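Welcome! Here is a short briefing to read alongside the sequence and the 3D view. Take a look below, then follow the points topic by topic.

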Amino acid sequence: MIAAPRLALHSVGFSYPNQLPALRDVSLAIEPGEFLALLGPNGSGKSTLAMHLNGLLRPAAGQVTHDGEDIASFSVGVLARQVAYLFQNPDHMIFCETVREELAFGPRSLGLEEGEVAERTEAALDAFGLAAVAQRQPAGLGFGARRAVSAAAVFAMGTPVVVLDEPTTGLDQGAATRLLDLFKDRQRQGGTVVLITHDMQLVARYAQRCVLLEGGAVSAVGSPQDLFGQAELLRRAGILEPPVVALARDLIPSGGAGIPLSPEEFCRAFREQVAQRG
Amino acid sequence: MLQVKVTDLYFAYPPALPGEQSDWTLRGVDLRAERGEFLSIMGPTDAGKSTLALALVGIVPQSTGGRIRGVVQVAGLDARQHPVAELARHASLVFQDPEMQFFNLSVETEVAFGLESLGLPRDEMSRRIAWALQLVGLKGLEGRSPLALSGGQKQRVALAAVLAMQPSVLVLDEPTASLDPQGQQEVFEVLDRLRRGGNMTVIMVSNDCERVAQFSDRVAVLAQGRIVLEGSPREVFSKGQMLRELGLAVPQMLEVAQCLNRELGTQHAFLGLEEARVALSTREART
Amino acid sequence: MALAVDFYVPGQSWLHRLDPRVKLGFAGCAVFLLILLRSLPAMLGATALLVLLHGSAGVPRGRLGELVRALLPVSALMFLLRVAFYPVGPVMANIGPLAITVGGLAQGAGLGLRLLAMGLAIFAVLYSTRGEAIVRGLGSLGMPYALALTLGLALRFIPTLRLGYDSIARAQRARGLDLEGLRGLGRARAQMPIFVALIVSSFRASEQLARALEARGFNTPGVRRTAWIELRFRAADGLCLGLLLALTAAVLYLHLRFGFGAGPL
């Protein structure tokens, strides 16, 4: 896998035709190898921002750069070698006769040679547990399986940067974590992952850094710890804080350790507090 | 009085190609619900939850075809045989995707659609439309196009359209899975109001364990085509190991309670945030 | 997104307030007359009238432009075919074996305009009438409800399909599907992943919609369907209907008796 580029937006502005601005003077850098969560209410511009990273949308104002180089002159086809995008609706991607072909489409479109394509396809089939249905028609599978197929298809492209746009809606928690674990592995190998989601428990578990968008502008940047510590910010952003965080806010005054994001962390912090008081 | 009675239900969709045989999606499902009960159905993805929801309103097997065995009785009627359109006045379904439930009408006319199908006179329709829109909190949006509304609003229009028909059984297939937190909140507020009303039997398919714990009288877990766990929310969620193996989540507060019990030897059993706050504050005060 | 959810543009113009049945009648008469009349001047006149109609109904020029752009390819095709294969009168120029004639150009223009005019007539109805009013109007005129609803649903699906195409195109391009620089047949072939996914999605969506209809009691056996929307025929509607019928009758008479609008188209 090629080394991930540093992605950056410089004062990017964008409007959809005949509509109010979707992005307003957005400046953001995404470092190579980080797991970033893009948060915000519906309509705040998360997908719009993410689609600027691979050229699907072009800024009306400002620039988008990869490793400092403006991507304006590169086609989406070329940029797809660097940044892959998994859309929310798997049925917007699926069109092949077999699952195997579906996974091979991406690598093949990127111009890889057949040997490499086959290798990546098989690896993705295994990783996502799709080997058993490799010869089946993807459109005929259940929703969870189709979701896995679309995620595997993006995974097989092997790009250094991956954008996951609400990849877990409709999945049970086990399937959701299995999917994200696979992309987390990629990140450990040096890849960058940008996750757009409303599920705060996933953010707490996977994200290293969060960017909060409101009305097309960046309103906050920080670790999940930093973000969840600010109730007012979450409320404004229409984000539902996990019960553990709400409870911690009331019962455990913030110490140096930062706000607990999971039941285990809460338990530990509460125990320490009890020990201190007792 | 039993509003839902499913006994040993087996169902398989028609095969993709003629001559093949498709696997059973449902393999011996048993389910009961009393009048006024709020029953939630959880389960791993592709376990057959949507299929079960469709079976409760007769769309499975009447519209889908396929092989079926067993009993499905809803509001006293045989859902396998009773014409679906007729059954709809007794048991109606709200789908997961808000987009594909609207027919190019204004909000008001969408809500009226089911009432037109029932052949009601205009003054009765007018009363029910006003009542339904009030119930879901969308009074004032009568003339808008549902397709231009937010996700939460769309789903509430769908709810109003179904509630206006005043069914005795309301089935919801993952009603909030496609919505953002704001929309989810809006929809659950409506469901809460319904629950307090006490008259309607609600069957909700959902994996939102926090809300399931908060709203349900009973919870059933569907896995590999059958009900593998059933009981009160507390009973079901206490089987954390089994749920985790199935890929399902457990309410965070319960996990906290279990963890604290392990570490501090306490006997906590809270499920929800408020309970936890009270229990732990009191404990705090004592220490 | 860029596209409107609906063809309908909310407004209070006289056209908006007209009874949908009158408007449907108008569309019917307009199409009838456009087929009946066969001269270029007639087509020009009709198109001009219709543009005026749209203007007075307050249809934004942008929307009108969208419509024209959508119809232009087919209009242009009709124009070109006529010019290429039906030479009439004095020859202006020769392109290979084809003779470009003044008459051919005029007739080609006439055919192209006819299509445009029909589009304008039909869209005058779609822009100024809510989908549900069209369905109700058709039902009131005697069309079986199921058929009227089908037409309404078809209208509802067009923006959905357009949005679906955009979303799918984006998803496929993000996988490396490169459409840049391709035109014609090559482009069409390269777009296969988009079309297949669109067709499958559409089937899925229509299945969902069918189930939603059933879950709302559609077609309950033995029950006569009532209607929520009330249609009220006002004096203004009567006036317009009268004018419409009179105009149509007049044009028909003039055409049959005096050959008004007769021609080669």
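Setting aside residues up to four places away in sequence, A:Ala152 touches A:Leu103, A:Ala124, A:Leu125, A:Phe128 and A:Leu130, where a contact means C-beta atoms, placed from the backbone, within 7 Å. This is a predicted model, in which local features need pLDDT of at least 70, side-chain atom pairs count only at pLDDT 80 or more, and totals for chains, interfaces and linings use all residues. Residues are numbered from 1 along each chain as its sequence is written, while chains are lettered from A and ligands numbered from 1 in the order in which they are written.

**The core**
- A:Ala152 is also among the residues with the most contacts inside the largest nonpolar core, together with A:Leu38, B:Leu56, B:Val57 and B:Ala160.
- That core has 236 residues; a nonpolar core joins buried Ala, Val, Leu, Ile, Met, Phe, Trp, Tyr and Cys residues through C-beta atoms within 7 Å, and buried means 20 or more other C-beta atoms within 10 Å of a residue's own.

**Where chain A meets chain C**
- Here 24 residues from chain A meet 20 residues from chain C.
- Helix 3 (99-109) of chain A is one of the elements supplying at least two residues, and helix 3 gives the most, with three residues; helices (H or I, at least four residues) are DSSP runs numbered from the N terminus.

**Where chain B meets chain C**
- In this contact, 36 residues of chain B touch 30 residues of chain C.
- Helix 4 of chain B gives the most to the chain B side, with six residues.

Methods: A residue is buried if 20 or more other C-beta atoms lie within 10 Å of its own, exposed if 12 or fewer, and partly exposed in between; C-beta atoms are placed from the backbone. Two residues are in contact if their C-beta atoms, placed from the backbone, lie within 7 Å.
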